[in-house]
Amino acid sequence: MQLPNNGRSHVLLCVSASAEIPSWEELLDALDAVSPLVDDARPGLAFADMRGSPGTPAEWMQRTREAIAPFVLDARLGIGSNKTCARTASHLGDGTICPAGSERSFLAPLSLALLEIDPKALERLRLLGVERIGDLARLPHGPFVRRFGPQAARWHACACGRDPAPFVPRGHCVAIEASMFGEGRTDDEAQVIFALRVLLSRICADLERCGKRAGSLQLDVELEDAGTQNFDVVLASPTGRERDMLDVVRAKLEGVRFEAPIVGLRVRAARLEEGGEKVALFAGGDFDPQAIAVAISRLEAMLGEPVRQARTRSAHVLEERFVYDRYVPPKREPIHEERSQTVCDTLIPQLRLMSVTEIGVRVRNGEPAAVTSDAKPPRAVVECSGPWRVEIGWFSDAYVVRDEYDVLLDDGELCRIYRQGAQWYLRGSYD
Amino acid sequence: MATPTQLPPSRHTAFAALKAGLDNAALAAPRPRIESKIPSSVPALDRVLGGGFPTGSLVTLEGPAGRWSIAASLVASVTRRSAAAIVDDGALYPPDLARSGARLERVLVVLAQSSLAIARAADVLVRSKACRLVLVPVPELRAAVWVRLAGLAHRTGILLVAVAPPHAPSALIAPLAAAAALRLYCTRGRLEIVGKRGVWCTIGGYDVCAEIRKNRNAATEQRAVARAAVC
């Protein structure tokens with residue numbers, strides 16, 4: 001049997017299986033043992049380029065069956081010079097080979113449905129009496145494409161034994177890591193930082209070689225007492241620069257105490273992204289997410305509290321109109337968007353929240369007339385606005401009704417106070 | 001290719017004139033401006049401050065009222081292009097900050113209660129140069145610490161604004177005052193009431209008077225009155 005190999009064209013081994021294979025990725029990894037070039041067409045369909053592989057087609061198929069046996073038992077294999085031929089061969093029967101040079105005659109007697117033509121066009125072709133692939137191949141190319149649209153060009157080429165779909169090898173999962181073990185022990189911070197710098201320079205060299213950037217680093221520290229400590233170091237924006245990585249890692253380690261001397265370090269690059277890093281020209285004072293990430297790591301290591309970011313939301317109660325999230329530096333944005341933002345040219349009074357304290361309020365004509373608190377002498381209310389009634393949780397046990405007032409006191413302080421039940425509380429003051 | 005010395009006299013003269021013209025044009029051309037002021041977006045205040053708050057310095061906002069209103073307008077101005085950090089003692093009310101125009105996603109809020117934590121947070125933030133503006137409440141610190149922070153701000157070009165509590169005792173302000181490049185004393189002026197008393201009455205706004213008590217770069221004892229509008 002003649003192989004579909006003239007030295008230039010592909011020799012594709014098609015693995016066709018059910019689309020519901022749960023471990024499809026693992027099966028593709030196993031196919032790496034058969035060929036280094038594997039095209040993941042879709043779940044249940046893969047092609048391996050066997051051009052230049054040692055052995056005969058029977059041996060290739062045997063190797064393939066052995067490789068995929070742990071994952072799927074009912075896979076069908078076929079060989080052809082292009083994807084359509086290889087897939088059709090596998091469909092005809094397990095182990096079928098489409099001979100090179102006779103693709104058109106190999107496909108001619110087969111049903112048109114094997115070309116994966118869309119159902120409406122298939123039905124129209126059937127009505128026109130075109131039922132076999134050979135019938136389609138015999139149609140004149142120009143009129144057929146004009147009648148059925150641009151996609152018909154591909155169907156016609158496939159029917160003639162020429163599949164224009166390229167073979168696209170899938171990318172392999174790249175693991176970039178560097179480690180240092182068994183070179184002594186240290187409890188000196190400077191030595192650890194030096195070792196980290198060495199590891200990070202290796203990581204960055206590997207990243208550059210692969211044309212990738214790391215979005216985070218996983219640092220494993222092995223201690224002399226057999227304990228380990230793991231750190232997930234998130235970089236603000238994926239980078240391949242050693243300096244940026246070292247800054248964040250150093251900041252992350254600040255304030256960390258190890259129970260025993262360090263005997264090993266491992267750094268692994270994670271969240272890999274393709275391509276280079278975008279840099280902004282003429283952006284000296286602009287937002288720099290990487291510098292912020294370093295500052296955040298340092299602050300969190302030092303204070304033990306996460307750096308927060310406020311977010312406003314709609315709510316009736318003052319305290320529920322904002323929430324704090326962990327700060328995530330936003331990505332750098334084009335400058336023109338930010339210049340278009342307008343800032344109001346008047347000051348906005350800022351309410352400064354106080355810890356809620358109970359106060360005494362003298363009421364006259366239904367309005368606060370004087371405020372008494374433990375810390376200060378009684379103060380008369382000069383101006384008062386309100387009340388604004390806030391009712392929340394009326395549908396539950398946590399039913400709260402409060403009347404809020406803004407009062408200007410005779411010492412010049414402008415306060416937000418509220419009455420809840422029979423008690424009065426001071427909530428904040430405007431500044 | 002002919003060099004100017006090889007050119008005929010007439011062309012040599014023309015070349016020299018052209019070169020002189022280009023040199024003059026280059027001298028007259030506006031040079032890239034290094035932003036040394038951060039405008040507060042309040043025209044009256046910026047006018048008095050000569051364009052805005054000086055970067056690379058320690059600024060204090062003192063007085064009984066209006067300090068955080070001015071600080072919020074600074075945050076709004078900075079977060080248009082850069083980031084700002086607020087060391088918060090728990091009193092920050094973000095909805096009002098957002099209303100003043102600040103982009104909250106560019107404001108780092110660092111919770112620090114004790115004097116030591118506030119000082120350390122300010123140190124890290126100024127040193128990191130991550131934010132162009134760092135706002136801190138005034139904790140009780142020695143003068144040497146304020147001098148150090150002011151020096152750090154000067155080296156890094158960050159505007160460090162210390163907001164004093166209302167009616168702060170002089171013992172709290174004195175160590176800070178020596179290190180500050182600019183001291184603003186803020187008071188509340190005329191209050192505008194909209195509507196009658198009671199539920200139909202709202203506080204429409206008030207004037208914030210900012211008096212310069214110290215300015216290393218310009219004359220002091222100037223006052224600015226800015227309007228603060230509640231709605």
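In which loop of chain A is the place of Asn365(A)? Asn365(A) sits in the loop that links strand E12 to strand E13 (367-372) of chain A. Keep in mind that this is a predicted model.

His167(B) lies in the loop between strand E7 (159-163) and helix H7 (170-179) of chain B. Here they are side by side.

| Residue | Phi | C-beta neighbours within 10 Å |
|---|---|---|
| Asn365(A) | near 55 degrees | 7, exposed |
| His167(B) | near 55 degrees | 11, exposed |

Neither is a glycine: phi is positive in Asn365(A), and positive in His167(B) as well. Since a residue counts as exposed with 12 or fewer such neighbours, the 7 around Asn365(A) make it exposed, and so do the 11 around His167(B).

**A sheet in chain A**

Now for a sheet in chain A. Five of its strands make an open sheet with mixed pairing, running in the order E2-E3-E1-E4-E5. Strands E2 (38-42) and E5 (96-97) of chain A have just a single partner strand each, so they stand at the edges with one side lacking a neighbour in the sheet. E5(A) runs parallel to strand E4 (residues 76-80) of chain A, and two bridges join them. Across that pairing, Gly78(A) is opposite Thr96(A). Helix H3 (residues 83-92) of chain A packs on the sheet, where it touches E4 and E5 along with strands E1 (12-16) and E3 (45-49) of chain A. The directions of H3(A) and E4(A) make an angle of about 140 degrees.

**Where the chains meet**

How many residues of chain A are in contact with chain B? The count is 50, facing 62 residues of chain B. Several elements of chain A supply at least two residues each to that side, among them helix H12 (335-339) and strand E14 (379-392). Helix H11(A) gives the largest share, eight residues. Sorted by class, the chain A side has 26 nonpolar, 10 polar and 14 charged residues.

**A helix in chain B**

Last stop: helix H6 (residues 143-156) of chain B. Trp146(B), Leu149(B), Ala150(B) and Ala153(B) are its buried residues. They share one side of H6(B), because their arc around the axis is only 100 degrees. Their cover includes strand E3 (57-62), helix H5 (115-128), E7 and H7 of chain B. Turned away from that buried side are the exposed Ala144(B) and Arg155(B).

Terms used
Residues are numbered from 1 along each chain as its sequence is written. Chains are lettered from A and ligands numbered from 1 in the order in which they are written. This is a predicted model: local features need pLDDT of at least 70, side-chain atom pairs count only at pLDDT 80 or more; totals for chains, interfaces and linings use all residues. Two strands pair if DSSP finds at least two bridges between them. Helices (H or I, at least four residues) and strands (E, at least two) are DSSP runs, numbered from the N terminus. Two residues are in contact if their C-beta atoms, placed from the backbone, lie within 7 Å. Axes are lines fitted to C-alpha atoms, for helices over the stretch in contact, and angles run from 0 to 180 degrees between N-to-C directions. Ala, Val, Leu, Ile, Met, Phe, Trp, Tyr, Cys and Pro count as nonpolar, Asp, Glu, Lys and Arg as charged, and the others, Gly among them, as polar. A residue is buried if 20 or more other C-beta atoms lie within 10 Å of its own, exposed if 12 or fewer, and partly exposed in between; C-beta atoms are placed from the backbone. The arc is that of the directions from the helix axis to the C-beta atoms.
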